[in-house]
Amino acid sequence: MADRVGSDARSVKLRGFYASLVAGQSAAADGRIEEAFAAVPREPFAGPGPWSILAANVWRSRDRGSPYVTTPDDDPAFLYQDVLVALDAARSINIGQPSLHALCLDALAPQPGETAIQVGTGSGYYTALLAHLVGPEGQVHGFEIDPGLAERTARNLAPWPWARVEARSGASDGLPQADAIYVNAGAPRPAPAWLDALRPDGRLLFPLQPRYGRGGMLLIRKVAGAAAWPARFVSPSVFIPLQGLPEADTEGLSEAFARGPLMTVRAIRFGEKPDASCWYDGGDWWLSTRAP
């Protein structure tokens, strides 16, 4: 019993330092972000140690060896660093980098009492952080297309009964209405289901990403009845590809990321012919450097 109390106290101490580290690295403006990282333990979501920690670019050729290093034991100190922890190293599925998610959650700004959707829960770590941020008066709906990961998420979310997960695509119709949608898989366009699910003034944050290569976390705010909505890139990013959207030719998107600086984007536009401010033309939508 004494050993367990001491272990819990050590975990709390490690989480406090880790929360300050990732909130500081992300320059999170909302103090609740640091509080959430300090409150939610990472151990249940990582599973039993030792753990595989990503030590190289996930896009590096596998013939150069594994991009992961294995921790020498199950000391939780290895988890409370700004590192990606493998859930399935063979498929490059990880618990994502904490400082990136701190930056993203700060930008998405989930508020107490709001309804949030997360697409791609993994084992549920960032689902739990969303649940902490919206509080018991809010709701979190998680969607995870991998049945095994969805089952892990459901077990891990037991302390947050206002958060739940469904083992299906989070890019298909039938999503609940939401104030905030957080997508953790790369997509070449905003799924129509996400745009439909957003309430007026709702926020969508997702990795706009070509089939291969880097993309960026695009934050969109819905303006009901308008043809142009505020949009901006929060950060460059690389995520595993989203399943559930039709295949698309993403060569033009790759060229846009190579050609134009992300931070010039100011709006997403629908039903208008692209003009000289067009950063990328997605067909029935386009990104503009002109404010809405």
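**Reading the fold and its interior**

Guide: The protein chain holds eight helices and 14 strands, where helices (H or I, at least four residues) and strands (E, at least two) are DSSP runs numbered from the N terminus. The model is predicted: local features need pLDDT of at least 70, side-chain atom pairs count only at pLDDT 80 or more, and totals for chains, interfaces and linings use all residues. Residues are numbered from 1 along each chain as its sequence is written, and side-chain values use heavy atoms, with hydrogens and water left out.

Visitor: Which residues touch the most other members of the largest nonpolar core?

Guide: In soluble globular proteins, nonpolar side chains tend to be buried together. A nonpolar core is a set of buried Ala, Val, Leu, Ile, Met, Phe, Trp, Tyr and Cys residues joined through side-chain atoms within 4.5 Å; buried means under 20% relative accessible area (1.4 Å probe, protein chains only). The largest core has 47 residues, and Phe37, Tyr125 and Trp160 touch the most other members. Helix α5 (residues 125–134) gives the largest share of this core, eight residues. Apart from it lies another core of 37 residues, including Val119 and Phe233.

Visitor: How many aromatic pairs does the structure hold?

Guide: A pair of aromatic rings is described by the distance of the centres and the angle of the planes. The structure holds 13 aromatic pairs, counted for rings of Phe, Tyr and Trp (its six-membered ring) with centres within 6.5 Å; planes under 30 degrees apart count as stacked, over 60 as edge-to-face and the rest as tilted. The centres of Phe233 and Phe257 are 5.7 Å apart with planes at 65°, so this pair is edge-to-face. It links Phe233 in strand β11 (residues 228–237) to Phe257 in helix α8 (residues 251–259), 24 residues apart. Both Phe233 and Phe257 are buried.

Notes. Buried < 20%, exposed > 50% of the residue type's maximum accessible area, 1.4 Å probe, protein only.
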